[in-house]
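This briefing is for a reader new to the structure. Please look at the sequence and the model below, then go through the points grouped by topic.

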Amino acid sequence: MSAVGHGKVILFGEHGVVHGVPALAAAVEGGAVVEFTKVDGPTRLHIEPWGVDVQVADAYDGPERSEPLYRALCVARGMYDDDLELRLDAVMNLPGGAGMGSSAALGVAVLRAMDQARGLERSVDEMIERSLEWERVFHGNPSGVDNAMAASGGLAVYRRGEPIEPVELRGTLRLVVANSGESSSTKEMVASVGRQYEGEPERVGKIFAGMASIVQNARIALASGDWKSLGQLMTLNQALLNSLMLSTGTIEEMIETAKDAGSLGGKVTGAGGGGCMIALAADEDGQKRVAEALRGMGKDVYEVEIAG
Ligand code: PMV
């Protein structure tokens, strides 16, 4: 038996989403797959491509060990008041720590496996809420966009504290996601934006308002398959992220390279300050050209296709 959680790319509205602005994100379907079998115990998790093994100790609440994955597994196991133990084997189809929502995808897959083993069924909204507990172990105070997409899949607008809204899409959205190779800490980048907002509420408030209207316009562009406008909106969103000091020289170079290869627009995706960028391609050939150009820079590149 197996259970799935999805990865994600944020198309518009990262950082604003922490402060109540809507974000528009696309799921990378099947990012984490967890197979499970009942065992005598204790519950353990093996992650194949990362060679990671963790096992829940006797005390589910308040473990002293510090590894996030261990603590997250304890949190998940602690949600069930019974003696059913599982061996969980995860296959990750996403890079870790690259802004593609791998921890949330894994969390949803693990919690779904734990539910399925007990014959439990939950709504997507319930799963979003439960998986936020898992996500908090990794990201402190996440907006919830990663675990919302991990549970829901598809293309959606997410706003903190509100139910997820599916977004209409006409045609096939073709994205190229590339890792800059520069490590960045989501926690630090979120804190930096928080400090800027505190210090200059008017300026940063205007930036967030700009992001909110970009999200609204992006919905219209997606519903009509207007890739040219969508690309322009990405470029605009990138300018706003840049003014919050979330881009880097390498990411700017990658956006430029993608543009020279025919991309319609590109931006940081996720926390910024390194990590990943996304570029929008006009069609399948364009996607291959953009991907090749970014691979030519020595970057890890993922071609993501979202069908309407
Ligand atoms: O870097 P990621 O994929 O974890 O994305 C972070 C997105 C932020 O909006 C910056 C933070 C959040 O919790 O939404």
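In this predicted model, helix H2 (residues 102-117) and helix H3 (residues 124-139) have axes that come within 9 Å and cross at roughly 130°. That angle makes H2 oblique to H3. H2 also packs against helix H4 (residues 145-152), at an angle of about 50°.

**H2 with H3**

- The crossing of H2 and H3 is right-handed.
- On the H2 side, the contact is made by Ser103, Ala104, Leu106, Gly107, Val108, Val110, Leu111, Arg112 and Asp115.
- On the H3 side, the contact is made by Met127, Arg130, Ser131, Trp134, Glu135, Phe138 and His139.
- By class, the residues of the contact between H2 and H3 are 8 nonpolar, 4 polar and 4 charged.

**H2 with H4**

- The axes of H2 and H4 are 8 Å apart, and the angle between the two helices is about 50°.
- At that angle, H2 is oblique to H4.
- H2 passes H4 in a right-handed crossing.
- Ala104, Ala105, Val108 and Arg112 of H2 meet Asp146, Asn147, Ala150 and Ala151 of H4.
- The contact of H2 with H4 is made up of 5 nonpolar, 1 polar and 2 charged residues.
- Ala104, Val108 and Arg112 are among the H2 residues that meet H4, and these residues also take part in the contact with H3.

**H6 with H7**

- Helix H6 (residues 201-224) and helix H7 (residues 227-243) pack at an angle of about 165°, and their axes are 10 Å apart.
- H6 is therefore roughly antiparallel to H7, as angles over 145 degrees count as such.
- The crossing of H6 and H7 is left-handed.
- From H6, the contact includes Arg203, Ile207, Gly210, Met211, Ile214, Asn217, Ala218, Ala221 and Leu222.
- From H7, the contact includes Trp227, Ser229, Leu230, Leu233, Leu236, Asn237, Leu240, Leu241 and Ser243.
- The contact of H6 with H7 has 12 nonpolar, 5 polar and 1 charged residues.

**Ligand surroundings**

- The ligand is surrounded by 15 residues, and the closest are Lys8, His15, Ser143, Thr186 and Ala271.
- In the side chain of Lys8, an N or O atom is 2.6 Å from an oxygen atom of the ligand.
- For Ser143, an N or O atom in the side chain is 2.5 Å from an oxygen atom of the ligand.
- A polar side-chain atom of Thr186 is 3.2 Å from an oxygen atom of the ligand.

**Backbone points**

- Most residues other than glycine have a negative phi, and most peptide bonds are trans.
- His15, one of the closest residues to the ligand, has a phi near 70°, a positive value in a residue other than glycine.
- His15 is placed in the loop between strand E1 (2-12) and E2.
- The peptide bond from Gly41 to Pro42 is cis, with omega near -5°.
- Pro42 lies in the loop between strand E2 (23-39) and strand E3 (44-47).

Definitions and conventions: Residues are numbered from 1 along each chain as its sequence is written. This is a predicted model: local features need pLDDT of at least 70, side-chain atom pairs count only at pLDDT 80 or more; totals for chains, interfaces and linings use all residues. Side-chain values use heavy atoms; hydrogens and water are left out. Axes are lines fitted to C-alpha atoms, for helices over the stretch in contact, and angles run from 0 to 180 degrees between N-to-C directions. Helices (H or I, at least four residues) and strands (E, at least two) are DSSP runs, numbered from the N terminus. Angles under 35 degrees count as roughly parallel, over 145 as roughly antiparallel, 65 to 115 as roughly perpendicular and the rest as oblique. A crossing is left-handed if the near helix is turned anticlockwise from the far one by less than a right angle, and right-handed if clockwise. Contact means heavy atoms within 4.5 Å. Ala, Val, Leu, Ile, Met, Phe, Trp, Tyr, Cys and Pro count as nonpolar, Asp, Glu, Lys and Arg as charged, and the others, Gly among them, as polar. A residue is near a molecule or strand if one of its heavy atoms lies within 4 Å of it. A polar contact is a pair of N or O atoms within 3.5 Å; within protein, one must be able to donate a hydrogen and the other to accept it, and residues adjacent in sequence count only if both atoms are side-chain atoms.
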